[in-house]
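User: Hi! Could you walk me through this structure? I'm new to this, so please start with any term I'll need.
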Amino acid sequence: MIKSIRSAVSKHKAMTVGVLALQGDFQEHLDALRRFGAPSRAVRLPEDLDAVDRLIIPGGESTTIGKLLLLYGLMGPIRERAKKGMPLWGTCAGAILMAKRIANNTSGQPSLSLMDITARRNAFGRQLDSFETQLSIPMVSKRPFPVVFIRAPVLEDPGKNVDILASLPDGKIVAAREGNLLATCFHPELSASTAIHEYFLSL
Ligand code: GLN
């Protein structure tokens, strides 16, 4: 673990990391957080959100999660908290929900629309539907680490305040940050490395 991140994690021992638990692989995020001792809590209702300091939106199906956010009364409250500076991290479907623009949003899917970036859903097509690769994210870890892509989006047209954290060799943007907002197109919770979870805790 990078030293600065380790100190951030221990400094924030008192914080509770929320994981949106409406649909998708929220359990894997909760397990990853538990692996390095970060207090965590599943978020299903607005009162759960009140009890957490930061929030992860997991991978899953962004259209379904968007509809459930409305149904469970969480769309407005999450948007408000994120605008006030709560660290928010979306993985895969979560990243799609955070983007202000969805390139192929034909169904008018509900979304949090927070980050000045475009998400292109299912950008790897059928053949490359799911794959694992080594990714280098210097901000996060000194060494490349394995990441899993599952029917993943890519990020495009970053606004001027968006930092690109990682791209694939062909230039596709797969991780970006805008202040308190972190979006990754892959699933760090499905690999052994907790580097990005630790990075998120340092925000
Ligand atoms: N393809 C899904 C969507 O568009 C995202 C897949 C994932 O989260 N692994 O919502």
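Analyst: Happy to! A residue is called buried when its relative accessible area is under 20%, and exposed when that value is over 50%. Keep in mind that this is a predicted model.

User: Great. So is Phe-131 buried or exposed?
Analyst: Phe-131 has 18% relative accessibility, so it counts as buried. Phe-124 is buried as well, at 11%.

User: How many aromatic pairs are there in the whole structure?
Analyst: A search finds 5. One of them is Phe-124 with Phe-131, an edge-to-face pair at 5.1 Å centre to centre, with 70° between the planes. Phe-131 also pairs with Phe-149, and that pair is stacked: 4.7 Å centre to centre and 5° between the planes.

User: Where do Phe-131 and Phe-149 lie?
Analyst: Phe-131 is in strand β7 and Phe-149 in strand β8, so their pair ties together parts that are 18 residues apart in sequence. Phe-124, Phe-131, Phe-149 and Phe-186 form one aromatic cluster.

User: New topic: why is strand β11 largely enclosed?
Analyst: Because 5 of its 6 residues are buried, strand β11 (residues 173–178) is largely enclosed by the rest of the structure.

User: And which way does β10 run relative to β11, parallel or antiparallel?
Analyst: Antiparallel, with 4 bridges joining them. Ala-166 has Ala-175 in β11 as its bridge partner. On to β12: 4 bridges join β11 to this strand, and the two run antiparallel. Here Ala-176 stands opposite Ala-183.

User: What sits between β11 and β12 in their hairpin?
Analyst: There are 2 residues between the strands, and Gly-179 in this hairpin takes a positive phi near 60°.

Technical notes
Residues are numbered from 1 along each chain as its sequence is written. This is a predicted model: local features need pLDDT of at least 70, side-chain atom pairs count only at pLDDT 80 or more; totals for chains, interfaces and linings use all residues. Side-chain values use heavy atoms; hydrogens and water are left out. Buried means under 20% relative accessible area, exposed over 50%, partly exposed in between (1.4 Å probe, protein chains only). Two strands pair if DSSP finds at least two bridges between them. Rings of Phe, Tyr and Trp (its six-membered ring) pair if their centres lie within 6.5 Å; planes under 30 degrees apart count as stacked, over 60 as edge-to-face and the rest as tilted.
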